[in-house]
Amino acid sequence: MDSVHKLLNIVLPLISLFLLFFFLPAILLFKIFNSISRSVFSENVSSKIVLITGASSGIGEHLAYEYAKGGACLVLVARREKQLQEVACKARRLGSPDVIVETGDVSKVEDCKRFVDAALNHFGKLNHVVNNAGIAPLCLFEDADNVEDFTPIMGSKGALVSFYETLRVEVGSDIGITIVGPGVVDSEITRGDFMSKAGMDGFPVESTEGCTKAIFKSICRGDRYLFEPAWERTIYFWNLLCPEVIESFSRWRLLGRPNNSKSNRNSGAFKSD
């Protein structure tokens, strides 16, 4: 078997390069045509049932408004009921025919089952589920008091991307899955001292409204991935082709400043929904 692997190590890269060079123009034309087609025949969300987690602020809140403008019925989920009720009232004014509010913590399985059941009992179905609630770290790994604190962070980051990519293989075209990679967006998470602790002082921050409009359009087009703002995709390609550059730049931003010295670091995490 080792000889087979040695042969494949030589043959497959050569075949891949040849096929990529030969079919690249056709692939690009297909992608352009497919993108135009999906934009023209974008999904109409009127009367669709949409469940949004983390809907009390930030991206989740403004996605609720975008769906409301399109006439969708909403199930708004977050931990803070007062803020949720305020979002629900505005969503109704913007055009949503029916909005229900469910308080819950997405890190608790029993809460997730409860608000999904509430949505199905009230509306009888679900068309869109927007898994938006997340948590952001505010410390370096070496400063963490308890490594178990990273468990929910991993659940809301790379692990979810891998899960949905695998799920996409299983469900095929029966269920559309759009994976969004937002940049730095103006929200509760990025306000205060988050930017300086993350080594991102001076980094361009996108408005929540601008980001959510792009996300909503991408969902309705049925995109597989969305990087928002679009220039963030450039970082992805740099990381793919030359990860050393991105790693060096990130390390300089995070560790190369006096105010990020170990004596000034604070451990913890910020959760927003």
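Guide: What follows is a walk along helix α4. This is a predicted model, in which local features need pLDDT of at least 70 and side-chain atom pairs count only at pLDDT 80 or more, while totals for chains, interfaces and linings use all residues. Residues are numbered from 1 along each chain as its sequence is written, and side-chain values use heavy atoms, with hydrogens and water left out.

Helices (H or I, at least four residues) and strands (E, at least two) are DSSP runs, numbered from the N terminus. Helix α4 covers residues 109-123, which is 15 residues. The expected span of a helix is 1.5 Å times one less than its number of residues. For α4 that gives 21 Å, and the end C-alpha atoms are 21 Å apart, so the two agree.

Next comes burial, where buried means under 20% relative accessible area, exposed over 50%, and partly exposed in between (1.4 Å probe, protein chains only). The buried residues of α4 are D111, F115, A118, A119 and F123. They line one face of the helix, because seen down its axis they fall within an arc of 100°, taken from the directions from the helix axis to the C-beta atoms. On the face turned away from that buried side are the exposed residues V109, E110, K113 and N121.

The cover over the buried residues of α4 includes β1 (49-53), β2 (73-78) and β3 (99-103). Take A118, which counts as buried because its relative accessibility is 18%. Beyond its neighbours within four places in sequence, A118 is in contact (heavy atoms within 4.5 Å) with I100 and E102. The C-alpha atoms of A118 and V75 are separated by 8.8 Å, with the two residues 43 apart along the chain.

Just after α4, G124 has a positive phi of about 85°.
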